[in-house]
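Here is a short briefing for a first look. Keep the structure open while you read.

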Amino acid sequence: MEKKIALVTGGVGGIGAAICKRLAQQGHFVLANWIIPGTEAKYLEKMAAAGFGSDATATAFGDVSSYEAMGEMTATIAKDHGPVDILVNCAGITRDATFRKMTPEQWRLVIDTNLNSVFNVTRHVVDGMCDRGWGRIVNISSVNGIRGQFGQTNYSAAKAGILGFTKALAQEVIRKGVTVNAVSPGYVETEMVAAIREDVKQQIVAQIPAGRLGKPEEIAEMVNYLASDGAAYITGANLSINGGLHMYA
Ligand code: CAA
């Protein structure tokens with residue numbers, strides 16, 4: 001497959017960095033978006049240790065919750081490296097609380113970062129993909145967007161919103177050679193899951209038929225496939241990778 005330019009929002013995070021690595025292994029040039037100072041340096045160190053230098057990857061600073069910032073970031077990427085062919089919307093945060101205790105700030109932060117971000121980034125790169133007749137958009141949703149999760153009205157709403165977005169945009173751009181799909185991870189070994197209260201986490205893991213958390217690489221494998229030429233006829237789909245935690249037709 002031809003070398004493409006890939007942008008992974010939240011690319012320095014647990015799942016994001018595994019996706020960056022897998023896409024780099026595939027031979028693409030990968031840009032990892034970041035916002036928290038220090039995360040970009042750690043990312044570049046890890047990638048260098050894995051044998052990926054400046055010819056394979058770079059970082060792209062910007063707040064995904066700002067439409068203007070994403071416009072500037074994607075313009076800089078286009079100028080320095082070329083237009084984005086593969087977009088993975090992976091940036092996400094949690095602010096868990098039962099709804100009756102949830103603050104407007106907890107609601108707003110999660111909707112802005114996890115859902116509005118998908119508009120903010122995709123809107124800036126989708127025209128170029130359509131004009132060039134090739135593009136791949138992969139949105140990272142969650143098992144909790146499909147089934148809902150106690151303590152996550154904000155996160156579940158954002159992740160469910162991503163699924164609606166995916167199916168609607170997929171219909172609009174498939175005739176231009178652009179596919180739009182979602183991947184819904186279950187509970188994966190990341191800092192986000194590590195932050196769950198220990199007793200609650202143990203209860204959750206006990207419900208997973210696989211008997212363990214997922215690995216970031218197990219998510220990255222699917223993203224890489226959806227980004228490939230071979231996946232041209234898959235669009236508007238949602239691929240669950242959750243160890244059997246939630247099964248549906
Ligand atoms: N279903 C029904 N009742 C539940 C419940 C559940 N799943 N979980 C807790 N309860 C009950 C408790 O038993 C408790 O009942 P009592 O008052 O009768 O004792 C009551 O609800 C309050 O529960 P907590 O003590 O847990 O409430 P809290 O305010 O201390 O904590 C919380 C709330 C922070 C949301 C905590 O429940 C929690 O962390 N839950 C897990 C949320 C979660 O799964 N987050 C996923 C993060 S990872 C991620 O998001 C990645 C991904 O995509 C999967």
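In this predicted model, a polar atom in the side chain of Lys101 sits 2.9 Å from an oxygen atom of the ligand. Tyr187 also points a polar side-chain atom at a ligand oxygen, at 2.8 Å. For Gln149, an N or O atom of the side chain is 3.3 Å from an oxygen atom of the ligand. On its own, the ligand has 1100 Å² of accessible area, and the protein covers 58% of that.

**Around the ligand**

**Aromatic rings**
- Where does Lys4 lie relative to Trp134? Lys4 is over the face of Trp134, 4.1 Å from the ring centre.
- Across the whole structure, a search turns up 2 aromatic pairs.

**Overall fold**
- The protein chain has 9 helices and 7 strands.
- Its radius of gyration is 17 Å, close to the 18 Å from the globule rule for 249 residues, so the chain is as compact as a globular protein of that length.
- The C-alpha trace of the protein chain spans about 45 × 40 × 35 Å along its principal axes.

Technical notes: Residues numbered from 1 in each chain as written. Predicted model: local features only at pLDDT ≥ 70, side-chain atom pairs only at ≥ 80, totals over all residues. Heavy atoms only, no water. Phe/Tyr/Trp six-rings, centres within 6.5 Å; stacked < 30°, edge-to-face > 60°. Lys NZ or Arg CZ within 6 Å of the ring centre and 35° of its normal. Polar contact = N/O pair within 3.5 Å; in protein donor to acceptor, adjacent residues only side chain to side chain. Areas by Shrake-Rupley, 256 points an atom, 1.4 Å probe, with all protein chains shown as cover. Helix = DSSP H or I, 4+ residues; strand = E, 2+ residues; numbered from the N terminus. Rg over C-alpha atoms; globule rule 2.2 N^0.38 Å.
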